[in-house]
Structures are given as C-alpha cells and as structure tokens.
Amino acid sequence: MRLSTLILPVRRWSEGGREVWQRAEELGFHAAYTYDHLSWRSFRDTTWFGAVPTLTAAATATSRLRLGTLVTSPNFRHPVTLAKELLSLDDISGGRITLGIGAGTNGFDSTALGQEQWSPRERADRFGEFVPLLDKLLTQDVVTYEGTHYSADEARNIPGCVQRPRLPFAVAATGPRGLKLAARYGQAWVTTGDPKVSNGGGTSADSLVAIRGQAERLGKACAEVGRDAGELRKIMLSGFTPDRPLDSFDAFVDFAGAHAELGIDELVIHWPIADSLFEADLALFERIATEGLAQLGG
C-alpha cells in the first residue's frame, strides 16, 4: 500500500503554499493531489486557487513527488484545452502527473459558467464522451472529432506527454457507466466510499461492505472489456466515510489495514486545515505519514 496526501489550494504560495508541497515530499508521500474546483463547500468565500497553476508551481518546487488532481470533471473543463494544459504540466514535472477524473456533481462548479444544472443522465453522457476524447488528444498528435457535447478540429498536442503513451488516468466512478470507463481507460480507480452510507448514518463496517461491492463491480466491468482488474491501482480518498482515521495513530492503522484487505493499494489523506472538515493534529499527521504504513508491513 502507498500513502498519499491531498493539499487543498487554500494557501498563498508566498505564505506557506510552497512549503506544504515541499514538506509532503520530505515526509515521503507517494503523491500529493489537489481538488480541481473553482470553489468548494465551506471554502467558497475564502482563499481558493486554481488546480493547474498550483500543480505547476508544485512541480517546480519538488523533484520526486507525484502530483495530480482528485478530481477533474467536465463541469468547467473542455477536453481540448485540458489536454494542452496536462501535457504542459507533464513536461514541466518531468512526467510526474496523474489525472484524477470524474463525472462531477452538482454544486458551485456546475453553474459557475452560467449553465443550467446537468441531469444525472447528461452528466454521465458528457463524462462518457469526455474521457475517450481526452485519451485521443493525449495520445495522438492531431485529433478531429465531432460529438454530441464536445468537438475537436485538428487539435494538435505535440510533442505529447512525457509519460507514454500518456499520463495515467485515475477514474473516480461507482456507477456502471463510470466503471466501464475506468476499466477501459483507467490506470487507476478512485473511490471515496458510498455517500449513502455516510449521509444515512451508516457505520465503518457498512462502508467497508459498500466499497467491497464497488470493487467487485469494477472487476466485472474489467472482465467485460477483457482486462484484468489487477492492472488498475485502487485509490481510496479518505475523509468521506464514517471513519476518522486521523483521530489517532491506531485509528489510522486500523483504517489502512481494513481497506488493504479490500484491495485498496493507495490511501489519500487530507493535509490538515484548521477550523474545517479536515482539521487534524499536524504532528500526528506527520507521524502517520512516516510510520503509519510500517505497521502494515510495507
């Protein structure tokens, strides 16, 4: 199992922003991700910076740490412009970028450009077109495509990604259409658990059952396209289940062990932010980063 962190883009670069990303590398995290939102929940009326510029700066401030989004969505992105930004970011980082990508949800991002909220069906339709087109754009020098929701007219992406054939996709999905996209295009699969469990007052045990079911459905989706599910890394973005893994060292070890048994091979924990959903003791967080997985034997 690998341990990664998620750093929200809430710090000015000159006022601790750079240092947080550098500290993530020093602590030995496998990767550091950030959200790709225009604003998010309780942070809507506070400092919040863009994901791609933040990751670009992080790429120049680090040398080994993998970097990426968890997750980018079609809410305010177009495959053509996103592809150009991603190949540039992959070049600047020396091939250290992972694109976490999902269908998105209703919220601030979904109406920020003045559009109406998309229905669940339209959101799934768009995602189903977005991912394959982005795959083409990042693997071919020139792409022309005419779809229902997205088009490209001789879009050029030369010289392509440093990582070949392209940078990896980590596809966040739990429904059948999203899981098929993960099976076909993903190098990793991302889950945050089942919102119905957390929002419905479920327990940690209920959450494990739900995630096991998600993983089984992913396995079936992979079988349908002739792919071994073991080829995909299984990423768990924590913080959205009934568990509280950052409350104590033992709580983290128990959480990590239980999810390792489900086949999760990368855990992502949020970098602490005071007075927020992600408030946690920084000293404990750093101990978890350096010692937590050793308790699992790896």
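In this predicted model, the largest pocket holds about 1,600 Å³ of space. Its lining comprises 50 residues, and those closest to the pocket centre are A103, G104, T105, T192 and P195. Several secondary-structure elements each supply at least two residues of this lining: the strands β3 (66-72) and β8, together with the helices α4 (120-139), α5 (176-185), α6 (195-199) and α7 (204-224). The greatest contribution comes from α4, which gives six residues to the lining of the largest pocket.

**The strands around β8**

Strand β8, one of the elements that line the largest pocket, spans residues 188-191. Both of its faces are covered: A188 and V190 lie on one side, W189 and T191 lie on the other, and all of these residues are buried.

Strand β8 pairs with β7 (residues 169-172), to which it runs parallel, through three bridges. Within this pairing, V171 has W189 of β8 as its bridge partner.

Strand β9 is itself mostly covered, with four of its five residues buried.

Beyond β9 comes the pairing with β10, which is parallel and extends over three bridges. Here M236 stands opposite L267 in β10. Together, β9, α8 and β10 make a right-handed β-α-β unit.

**Aromatic contacts**

Nine aromatic pairs are found in a search of the whole structure. Two of them are listed below.

| Aromatic pair | Centre-to-centre distance | Angle between planes | Geometry |
|---|---|---|---|
| Y35 and W40 | 5.0 Å | 65° | edge-to-face |
| F240 and F278 | 6.2 Å | 80° | edge-to-face |

Y35 and W40 are both buried. For the other pair, the planes of F240 and F278 stand at 80°, so the arrangement counts as edge-to-face, the cut-off for this class being over 60 degrees. The F240 and F278 pair links distant parts of the chain, as the two residues are 38 residues apart. F240 belongs to the loop between β9 (233-237) and α8 (249-260), whereas F278 belongs to the loop between β10 (266-270) and α9 (282-291).

F240 has a relative accessibility of 19% and therefore counts as buried, since the cut-off is under 20%. F278 is likewise buried, with a relative accessible area of 6%. Ring pairs join F240 and F278 with Y35, W40, F43 and W48 into a cluster.

**Charges over rings**

The charged end of R166 sits over the ring of F169, at 3.5 Å from the ring centre. In the other contact, the charged end of R287 sits over the ring of F249, 3.8 Å from the centre of that ring.

Key:
Residues numbered from 1 in each chain as written. Predicted model: local features only at pLDDT ≥ 70, side-chain atom pairs only at ≥ 80, totals over all residues. Heavy atoms only, no water. Phe/Tyr/Trp six-rings, centres within 6.5 Å; stacked < 30°, edge-to-face > 60°. Buried < 20%, exposed > 50% of the residue type's maximum accessible area, 1.4 Å probe, protein only. Lys NZ or Arg CZ within 6 Å of the ring centre and 35° of its normal. Pairing = 2+ DSSP bridges. Right-handed = clockwise from strand over helix to strand, strands pointing away. 1 Å grid on protein atoms, 1.4 Å probe; cavity = no way out; pocket = protein on both sides within 12 Å on 5 of 7 lines; lining within 4 Å. Points joined across faces, edges and corners; volume = space filled by probe spheres on them.
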